[in-house]
Amino acid sequence: MGALASYLRSIGRSVLSLADGLAVTFSYLLRRPVTLQYPDRTPEPVVKGLPERSRGFLEVDLDLCTGCGACDRVCPIDCIALEVVKDAAQGRLIRRFDIDLGKCMFCGLCVEACPTGAIRHSHEFEGGTGDVRNLVVPFVDAPRPPAKAKQEPPPAPKPLGAILRARMPGPWDPPRPSSPAQGGDHAA
Amino acid sequence: MEQLVDRLAAHWQLGPWGQELLAAAAILGVAALVFVVALTYAGVITWIERRVAGRTQSRIGPNRVGPFGFLQWLADGIKMILKEDVIPAQADRPMFRLAPYAVMLGVFSAFVTVPFGSLLIGADLNVGVLFLLAITSLVVVGVLMAGWASNNKWSLLGGIRSAAQIVSYELPAGLAVMVVVLGAGSLSLQDIIRAQGGAPWNWFVFRDPFCLVAFFLYFTAAVAEGNRTPFDLPEAESELVAGYNTEYSGIRFGGFFLGEFANVYLLSAIATSLFLGGWQIPGVTPAAQADSVLLQLAGFAVFFAKAWALVFVVIWLRWTLPRLRVDQLMGLCYRYLIPLAFVCLLGTSALLLLVTPGSGADLALRLGTTALGGAGLLAFAWRVRHHIRRVGDRVSLDVLQRGARGVFDPALQARRYGAFRRGQEER
Amino acid sequence: MSPELRQVGRDEFVLNMGPHHPATHGVLRFVLHTDGEIMRRAVPEVGYLHRGLEKLAEAHTYAGYVPYTDRVNYLEAMFCNQVWSMAVERLMGLEVPQRAEHLRVIACELNRIANHCVTLGSISMDVGAYTPFLYLLREREAINDLMEALCGNRLTYHYVRIGGVAHDVDGAWVDRVRAFLDHLEPVLDELHSLIGGNEILVRRLANVAVICASDAVGWGLVGPNLRASGVDWDLRRDAPYSVYPELGFEVAVGRGERGQVGDCYDRWAVRVVEMRQSVRLLRQALDKLPAGEVLAKVPRSIKPPAGEVYQAVEGARGELGLYLVSDGSPKPWRAKWRSSSFSALSIIEHLSRGLMIADLVALIATLDTIAPEMDR
């Protein structure tokens, strides 16, 4: 009799637990989905809604960069290629500032190390491109002198991501050399 | 259909050869029609499956290709046809090619006997139920062929498991069907439907409690035969990648896939015919239905609604329940379903002897069982409401902005996980 | 012929549950010697996700390596950050401000909940129920959003630093966390209705791959795996660190809820209770959050005096340990990670005899082995 009782009890337990599970999934048919239909059916572009501290692609405002190289030294993965040369006539010149977005770990150490806030994380995250060499973004077009550490008046702040978006590789761009100033190879 | 063929032959005054040709053309025509209907149903079921899967998982299903993603299955079908035809190097090529067709044959042939309406049936065989059970067993051959011919140990395992599963679950399915056949006194599907009525208490499912149990037994066994979760071990993604159809790609895989979904519709249609009153409309006699085109269409609509409701239940089960292990699956069949099926058979036989149909006791039994079923549905609806109220009806990720919803009950937590305390306390 | 093939018995065949497989958690390979369903042996092969993280530690500064610690186990990145930071702080004798310690506990317990969401979801998915995975990922998405507001990243947080934490929080974030916690508890009940109490799941997990307490201790299991086998050991209570001594919580120990002690269902249930206890810890930590600094004064170039230290925290998977040797230079001399997944993997071969393939999948899932931690 005990065997029959446990047999029937197991049937009852199965049916009740299964029905409870079915009730849960059925109840979700009556609730709204949580899907955010990225990229074209969102209430606002996702890039605009990200939190302030969000760590997207890096960008450099060369009007603020002093060429100190703190970011390059602290980067754990060597994604920054910074070249500062001494020119006889013009003094120190920043010849090259390339960031390899493909290597960047998005750790934020360079942002914390920068004394002037020249380098910062934008909120951009849509950087798909056809060739990995295009992920090396050059921020220096022609050699330029570094900015002073304290400038009066301080340069106007540029909107987050504006500098980067002007230089971002497009999805169908042909492969390009890493730095127009250099005309050369991959960022080191 | 035979009457139609005879009338046309008489009208056109065809000779014996002409009549044979006309009959052949009619058979081919009906076969093509049934095939197209079954394929379309299978495709639409995939659309429903993906939408229901999405909505039960708090997300949207396909919604880009066509309105509400309705053309997604067409796009997927075209994609499959255009895919590269890959056959594994050491595979048994003729058997590999033949396997999907065996599966499709087993499933699509059965559509000929599905009674969509009182006159809308391909062939009303007087051994309809037997034919259905037999022809769907052809699927086993196809599955074994696929598993063997793929030259892949995983596929072989899947194929063998599937074959064992389908063959075993034929037994409770057949026994549950016998319960209905006892009541109707015929194996023909149309006769079984005519023995029922339109109102729920005239359906076979509510004829007596044994028939109610038999309905669930048939449904469970049929879902198992169709390799649907919770019985989809042969296709278990997490264990066997895709079981017997691992090596299949493109339209060959499409063949298996569509065969499986057509099988889902088939089992729902059979369950509707046998248990839920088929095309019977409450208040309308079958004779009246046969005379009026409008009532025929209404009968078709009723059948359509019932069958698709059961299709929805099959899909809903898939996205709720985990998978049974193969020995548990077999154990369920032989230790639970078959004994229960025998009990139902005996019980129904006893009731048939004791209770005369049409009497007051019969009506009381029917109404009582209907009330039981209704009470079950009400309890279920109450439970659904409970779940919505606990977590919230708009489960949304911006709950973080809008604040708390639902009520936390510490006593319930204690009861639920009462055994998990630090070592010192008593259980 | 390979040594394994020579050992194959006559009625046995060798199945390869290869690195590409939906069930193995990460890239992990098993060579199964099976007679079709019951296994004789399951030989694991690791190394597919080896990235040389321990060697990389010797090439980076202490502060520069913290982002790499996220990748040691990306599902419990906060704990990895924390164990590295605590080891270096111990070597340097650095004291962490109280506010930072509370924030560490908050971040870590949120990470624990997020991790268990993935684990429970993976167990459900491997057993065949696809829906709970999505519900749990939805809850994890809320935690990801909280983390993004906290530190900027959703997975590789780089939040717990040497000397404290990177960013401070404001009242708005605290309110959001509280709202999330209030939302989470009914969801856990709903999860139990859907899958935790589901008879099929119970049948799949109960009495499967029972690990007795002595085996668990002998094979070096830690965390929920160890506690499910009946061993009452939790570093937060038994070797306390940070502010855990001030917070009250219960340690979930397996009691054979639906089967034997130490079966797969116990490993499931222990994790569910741990999630609830994390909620309790979080509420207390949020209430007690003191004012103050979030990062101690740390020298620009971190050069701990020469020495060695073993630091462990109770991560989501159990004891996550780090053995760090410093030689006085800015870069570590040796860093060795003690990962719980590696020892959990080693017991699989021992348990696999007599197990069915489906049970092996359930075992791997409930042991919560994850490849990045195994291979580093």
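How many residues does the contact take from chain A and from chain C?

1. The contact takes 21 residues from chain A and 21 residues from chain C, two residues being in contact if their C-beta atoms, placed from the backbone, lie within 7 Å. On the side of chain A that touches chain C, helix H1 (residues 2–29) of chain A gives the most, with eight residues, and the residues of that side of chain A divide into ten nonpolar, seven polar and four charged. In this division Ala, Val, Leu, Ile, Met, Phe, Trp, Tyr, Cys and Pro count as nonpolar, Asp, Glu, Lys and Arg as charged, and the others, Gly among them, as polar.

2. A word on the basis of these remarks. This is a predicted model, in which local features need pLDDT of at least 70 and side-chain atom pairs count only at pLDDT 80 or more, while totals for chains, interfaces and linings use all residues. Residues are numbered from 1 along each chain as its sequence is written, and chains are lettered from A and ligands numbered from 1 in the order in which they are written.

3. Chain B has 17 helices and zero strands, where helices (H or I, at least four residues) and strands (E, at least two) are DSSP runs numbered from the N terminus. Of the 427 residues of chain B, 44% count as buried; a residue is buried if 20 or more other C-beta atoms lie within 10 Å of its own, exposed if 12 or fewer, and partly exposed in between, with C-beta atoms placed from the backbone.

4. For chain C, the domain assignment (automatic or from a database) gives domain 1 (3–45) and domain 2 (53–375). The C-alpha centres of domain 1 and domain 2 of chain C lie 30 Å apart, and 16 residues of domain 1 of chain C are in contact with 18 residues of domain 2 of chain C. On the side of domain 1 that touches domain 2, the elements giving two or more residues are strand S2 (29–34) and strand S3 (39–45) of chain C, and S3(C) supplies the largest share, six residues. That side of domain 1 of chain C divides into nine nonpolar, four polar and three charged residues.

5. Chain C also holds an open sheet of three strands in the order S6-S7-S8, with antiparallel pairing; two strands pair if DSSP finds at least two bridges between them. Strand S6 (307–315) and S8 of chain C stand at the edges with a single partner strand each, so one side of each is left without a neighbour in the sheet. Nine bridges join S6(C) to S7(C), and five join strand S7 (residues 318–326) of chain C to S8(C). C:Tyr323 is the bridge partner of C:Tyr310, and C:Tyr323 also stands opposite C:Lys336 in S8(C). Strand S8 (residues 334–338) of chain C has a covered face, C:Ala335 and C:Trp337, and an uncovered one, C:Arg334, C:Lys336 and C:Arg338.

6. Which helix packs on the sheet, touching S6 and S7 of chain C? Helix H4 (residues 77–92) of chain C does, and its direction makes about 150° with that of S6(C), the axes being lines fitted to C-alpha atoms, for helices over the stretch in contact, and the angles running from 0 to 180 degrees between N-to-C directions. Because 15 of the 16 residues of H4(C) are buried, this helix is largely enclosed by the rest of the structure. H4(C) is followed by C:Gly93, whose phi is positive, near 70°.
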